[in-house]
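Open the model in your viewer and keep the selection tool at hand.

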Amino acid sequence: MGNINEIIELLRSKGLKVTPQRVAILQLLMNGGHFTMDQVLNELRKIEPNISISTVYNTLNTLVRLGILRSFEADGKTWYEMRKDPHINVICEDTGQIMDVDIDVSAIEREVSKLGIEIKDLNVIIRGNCRGTS
Ligand SMILES: [Zn+2]
């Protein structure tokens, strides 16, 4: 579970009202990991059984829009994560798990800047199979 005070401060710093839904979602994602909307919904329903899909959907989108969360597409689903520093997301098609890999992305940044492009979000997704080894 994430630190409530940290979450409250984060929401306020973005000018957002502190709502139980926002706090619950950030508590879930704060400790790392990657979640689909369905996974977020299932986890939140353990605490608040009546929470609606649209509330979760809207809350996730608000948090992405304000740069608190990052979303990306992989394996036909939208994923949400709190980490926003450049890293590689490796998705295993056997388990559906996503793992973070840290690499030196300076070579990517250098090549992209040669194109005159300023990177807003660097998110590399690799798909693969563990063949039951993990
Ligand atoms: Zn990640």
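**Stop one: a helix pair**

Select helix H2 (residues 20–30) and helix H3 (residues 37–47): they pack at an angle of about 115°, with axes 10 Å apart. That angle makes H2 roughly perpendicular to H3 (65 to 115 degrees counts as such). Axes are lines fitted to C-alpha atoms over the stretch in contact, and angles run from 0 to 180 degrees between N-to-C directions. Helices are DSSP runs of H or I with at least four residues, numbered from the N terminus.

This is a predicted model: local features need pLDDT of at least 70, side-chain atom pairs count only at pLDDT 80 or more, and totals for chains, interfaces and linings use all residues. Residues are numbered from 1 along each chain as its sequence is written, and side-chain values use heavy atoms, without hydrogens and water.

Now show the side chains in contact (heavy atoms within 4.5 Å). H2 brings Gln21, Ala24, Ile25, Leu28 and Leu29; H3 brings Val40, Glu43 and Leu44.

**Stop two: the cores**

Which residues have the most contacts inside the largest nonpolar core? Select Ile25, Leu29, Val40 and Val56, out of 22 residues in this core. A nonpolar core joins buried Ala, Val, Leu, Ile, Met, Phe, Trp, Tyr and Cys residues through side-chain atoms within 4.5 Å; buried means under 20% relative accessible area (1.4 Å probe, protein chains only). Helix H1 (4–13), H2, H3 and helix H4 (53–65) each give two or more residues. H2 gives the most, with six.

Finally, pick Phe72, Trp79, Ile91 and Ile98: they are among the five residues of another core, apart from the largest one.

Methods. Angles under 35 degrees count as roughly parallel, over 145 as roughly antiparallel, 65 to 115 as roughly perpendicular and the rest as oblique. Buried means under 20% relative accessible area, exposed over 50%, partly exposed in between (1.4 Å probe, protein chains only).
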